[in-house]
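Dear colleague,

Please find below the structure that I am handing over to you. I would be grateful if you kept it open while reading the notes that come after it.

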Amino acid sequence: MAANDSFFQKKKPAAVLKHAVLAEYLNVFCAMVGGSFSGPVWLVDGYAGPGTYDADDDGEPVTGSPIVALEIAEKAAQWKSPRNIRCAFIEQKPNYLKQLRSNVKPFQDRGCHALVLGGEVQEQLPKAWEEVGTSPVLTLLDPFGVSMARGMMTGTLLGRSKPPSEVLLNINVEAVSRHGGYLQR
Ligand SMILES: C[S@@+](CC[C@H](N)C(=O)[O-])C[C@H]1O[C@@H](n2cnc3c(N)ncnc32)[C@H](O)[C@@H]1O
């Protein structure tokens with residue numbers, strides 16, 4: 001069993017907080033920039049996971065970040081000033097990718113524009129970025145440890161300011177201090 005294999009077995013308080021931050025940020029981002037730019041607003045989830053966590057103690061299914069985003073996309077299409085939110089999800093691990101595809105499908109069937117890309121984030125991000133084109137985009141980076149190479153973050157994701165491209169980065173502080181310790185040694 002790999003160190004992170006139990007991650008999706010039960011949603012931890014940190015994940016509840018992370019999804020609340022994602023939901024709030026995405027809502028505000030779409031409301032603000034979606035009003036100033038025509039066309040879609042994108043959410044790119046670079047480390048998407050399967051889309052669900054195992055059921056909680058009440059037996060209720062618990063949503064992961066892709067489903068949090070898709071639920072907002074469906075609601076935003078019904079706002080008084082509707083927003084067209086499109087999503088791209090990237091996941092490397094084959095069994096998570098399979099679950100992700102099946103969790104995303106009902107949303108696609110209802111008309112949501114959601115792209116699911118299998119593979120390593122640094123390889124797949126350019127494909128997602130091609131789809132994004134010149135639309136405003138919010139990218140969520142939520143790896144288990146530290147994230148992608150700095151060049152991709154600053155060059156691609158944060159390389160333009162108009163239309164806005166913003167990044168929500170969830171980092172594991174323990175992993176960062178571990179890497180810092182290795183460097184010092
Ligand atoms: C912390 S979990 C993501 C949880 C998800 N954002 C959520 O909130 O529901 C990190 C995910 O990234 C995937 N992953 C790890 N390294 C990756 C990489 N280099 N490229 C793409 N996916 C990766 C893992 O398989 C795992 O599913």
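The model is a predicted one: local features need pLDDT of at least 70, side-chain atom pairs count only at pLDDT 80 or more, and totals for chains, interfaces and linings use all residues. Residues are numbered from 1 along each chain as its sequence is written, and side-chain values use heavy atoms, with hydrogens and water left out.

**The ligand**

Which residues come nearest to the ligand? Of the 21 residues around the ligand, these are His19, Ser65, Glu91, Glu120 and Asp142; a residue is near a molecule or strand if one of its heavy atoms lies within 4 Å of it. By class, this shell consists of 9 nonpolar, 7 polar and 5 charged residues. Here Ala, Val, Leu, Ile, Met, Phe, Trp, Tyr, Cys and Pro count as nonpolar, Asp, Glu, Lys and Arg as charged, and the others, Gly among them, as polar.

Several polar contacts can be listed (pairs of N or O atoms within 3.5 Å; within protein, one must be able to donate a hydrogen and the other to accept it, and residues adjacent in sequence count only if both atoms are side-chain atoms). A polar side-chain atom of His19 is 2.7 Å from an oxygen atom of the ligand. An N or O atom in the side chain of Ser65 lies 2.8 Å from a ligand nitrogen atom, and a polar side-chain atom of Glu120 lies 2.7 Å from a nitrogen atom of the ligand. On its own the ligand has 610 Å² of accessible area, of which the protein covers 92%; such areas come from the Shrake-Rupley method with a 1.4 Å probe, and for residues only the protein chains shown count as cover.

**Glu91**

Glu91 belongs to strand E4 (residues 85-91). Helices (H or I, at least four residues) and strands (E, at least two) are DSSP runs, numbered from the N terminus. Is Glu91 buried or exposed? Glu91 counts as buried because its relative accessibility is 9%, where buried means under 20% relative accessible area, exposed over 50% and partly exposed in between (1.4 Å probe, protein chains only). The side chain of Glu91 reaches the backbone nitrogen of Gly49 at 2.8 Å. Leaving aside neighbours within four places in sequence, the contacts of Glu91 (heavy atoms within 4.5 Å) include Tyr47, Tyr96 and Leu117.

**The nonpolar cores**

A nonpolar core is a set of buried Ala, Val, Leu, Ile, Met, Phe, Trp, Tyr and Cys residues joined through side-chain atoms within 4.5 Å. The largest one has 29 residues, and Leu26, Leu43 and Phe89 are among those with the most contacts inside it. Elements that give two or more residues to this core include helix H1 (13-36), strand E1 (41-45) and helix H2 (65-76). H2 gives the most, with 7 residues. Another core, of 16 residues, lies apart from it and has Val121 and Met148 among its members.

**A loop region**

Ser135 is located in the loop between helix H4 (121-132) and E6. Ser135 is buried, as its relative accessible area is 12%. Not counting residues up to four places away in sequence, Ser135 touches Pro163, among others. Pro163 sits in the loop between helix H5 (150-157) and strand E7 (165-169), and the peptide bond from Lys162 to Pro163 is cis, with omega near -10°.

Yours sincerely
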